[in-house]
Amino acid sequence: MPRSTRAQFPEDFRWGVSTSALQIEGGTDADGRRPSVWDTFATEPGHIRNGDTPAVACDHYHHWEEDLDLVKALGVGAYRFSVSWPRILPTGTGAVNKAGLAFYDRLVDGLLERGIEPWLTLYHWDLPQPLEDAGGWPRRDTALAFAGFADVVSRRLGDRVKRWITHNEPWCSTVKGYYEGEFAPGKRDLAAAMQATHHVLLSHGLALPVLRANVADARCGIALSLHPIHTASGSEADRLAAIRHDGLRNRWFLDPLHGRGYPEDVLRALGAAAPTVSDGDLATIAGRTDFLGINYYFREIVADDPEGGPMRSRVVEAETSDVTGFGWEVYPEGLTELLLRVQRDYRPGPIAITENGATYPDEIGADGAIHDGRRAVYIHRHIDALRVAMDGGVDLAGYFVWSLLDNFEWAEGYSKRFGLVHVDFATQKRTLKQSGRWFADFLKG
Ligand code: PNW
């Protein structure tokens, strides 16, 4: 049984909830916004479950005040959201869409009025379509365009927003988007995907000095989705596969961000698909940050598989029935393990858990009530895991639940709900779930 209480965490520990622009805003052609790669991807048949699109989502673009009231009602001190690049710069570069930028201006003021600290993510996967048409993340210019976008946003909001996250989960926007094809833009080209990872990391490094120049007392970081990697058996083959798998999944991003360049073993495995890296890029990527964001959902259990992609590995299912509606194993001890490992191997400074949460099927009973006690237990067990990591010496700065609202869950459309707040997508009615009430009570102490 979970047992941690808020009182066991430091006073200045940040408790929060997370969202992202494309997943909640809707209003995709309101006030001059133009399509992102996800808008395009969703209109092509077969990409999104049930043919869902992000066109309306939670219509947060028009319901933001009500949504900020919900954040306030939860009693959290921080709200992590992302800004939509194609709302602010409809073609990716050049002319600023004043109305788009003004939306975030109001949102930030609304947060501050409610005493909630904004944590702003610049990029949560919604690349302006014109930049994709020009070559997307495999093209170096996209990294330069990102630095320009960071400049526009930080000039306008930097007087009030102090917490900046450059990228959310580079793995998903690059490997899932350009190699596995499950996410926008739906390509299947390993070399392009690896070049994309390099340009995303480069763009992070290019944005850091821009943010520091525009924002007094900026605290900058990046949010990685990391997984503890376990081996499927005691065999030597599986053990080596797990090391390779960890190389692409975790070390590929952690190593260059911490000044070590790309891991040699992964570079060798990639061969001709390894990215082109220009002089000075690695130093740019290793620029100083103020915290590391980690999104944690599950561990991966890995077996050797000669057919299993560049790392010749395959993820096998855990032998447990304790899984979420995604089939993701509930494994809170993995969060402790991951934090201790990152602390030991990288000494990154303060870490914030920028996402953690769950989707469960059949939350809505025949009576219309929302029974999601399982989500509350999931969250509480992961908070317990944080406590253990802190006792082990990890410097933790905060914890953000994914997500405030049920929303557009990427390739799964509206079929997977992660919210502490239920959204009826037909009426846009919001209802606090049992888990939301539990979180508010936990925070009250
Ligand atoms: C994260 N995986 O995505 C994203 O940051 C959120 O936007 C998303 O809604 C949330 O987690 C829930 O899915 C992930 O396959 C997507 O390992 C895929 C994976 C992990 C996280």
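**Pocket, ligand and cavities in a predicted model**

The largest pocket holds about 1,100 Å³ of space. Of the 47 residues lining this pocket, Lys-176, Arg-249, Phe-298, Glu-300 and Trp-328 are the closest to its centre. This is a predicted model, in which local features need pLDDT of at least 70 and side-chain atom pairs count only at pLDDT 80 or more, while totals for chains, interfaces and linings use all residues. Residues are numbered from 1 along each chain as its sequence is written, and side-chain values use heavy atoms, with hydrogens and water left out.

A pocket here is an open set of points on a 1 Å grid over the protein atoms alone, with protein on both sides within 12 Å along at least five of seven lines; a cavity is a set of points where a 1.4 Å probe fits but cannot get out, and lining residues have an atom within 4 Å of a point. Grid points are joined across faces, edges and corners, and a volume is the space filled by probe spheres set on the points.

The elements giving two or more residues to the lining of the largest pocket are helix 8, helix 10 (236-257), strand 8 (300-304) and strand 9 (313-316). Helix 8 provides the largest share, five residues. Helices (H or I, at least four residues) and strands (E, at least two) are DSSP runs numbered from the N terminus. By class, the pocket lining has 23 nonpolar, 12 polar and 12 charged residues. Ala, Val, Leu, Ile, Met, Phe, Trp, Tyr, Cys and Pro count as nonpolar, Asp, Glu, Lys and Arg as charged, and the others, Gly among them, as polar.

The ligand takes the space of the largest pocket, where sitting in a pocket requires more than half of the molecule's atoms to lie within 2 Å of its grid points. Around the ligand are 18 residues, of which Gln-23, His-124, Glu-355, Glu-409 and Trp-410 come nearest; a residue counts as near if one of its heavy atoms lies within 4 Å. This shell divides into eight nonpolar, five polar and five charged residues.

The distance is 2.8 Å for His-124, 2.8 Å for Glu-355 and 3.5 Å for His-227. Taken alone, the ligand exposes 450 Å², and the protein buries 95% of that; accessible areas come from the Shrake-Rupley method with a 1.4 Å probe.

Four cavities of 30 Å³ or more are counted, and the largest cavity holds about 50 Å³. Its lining has 13 residues, with Val-37, Tyr-123, Trp-125, Ser-173 and Ala-184 closest to the centre. Helix 2 (37-43) and helix 8 (170-179) each supply at least two lining residues, and the largest share, three residues, comes from helix 8. The cavity lining has 11 nonpolar, one polar and one charged residues.

Ala-184, among the residues closest to the cavity centre, is joined to Pro-185 by a cis peptide bond with omega about 5°. Pro-185 is in the loop between helix 8 and helix 9 (190-214). Another cis peptide bond runs from Trp-402 to Ser-403, with omega near 15°, and Ser-403 is in the loop between strand 11 (396-402) and strand 12 (421-424).

A further backbone feature is found at Asp-31, a residue other than glycine with a positive phi, near 50°. Asp-31 lies in the loop between helix 1 (21-24) and helix 2.

Technical notes:
A polar contact is a pair of N or O atoms within 3.5 Å; within protein, one must be able to donate a hydrogen and the other to accept it, and residues adjacent in sequence count only if both atoms are side-chain atoms.
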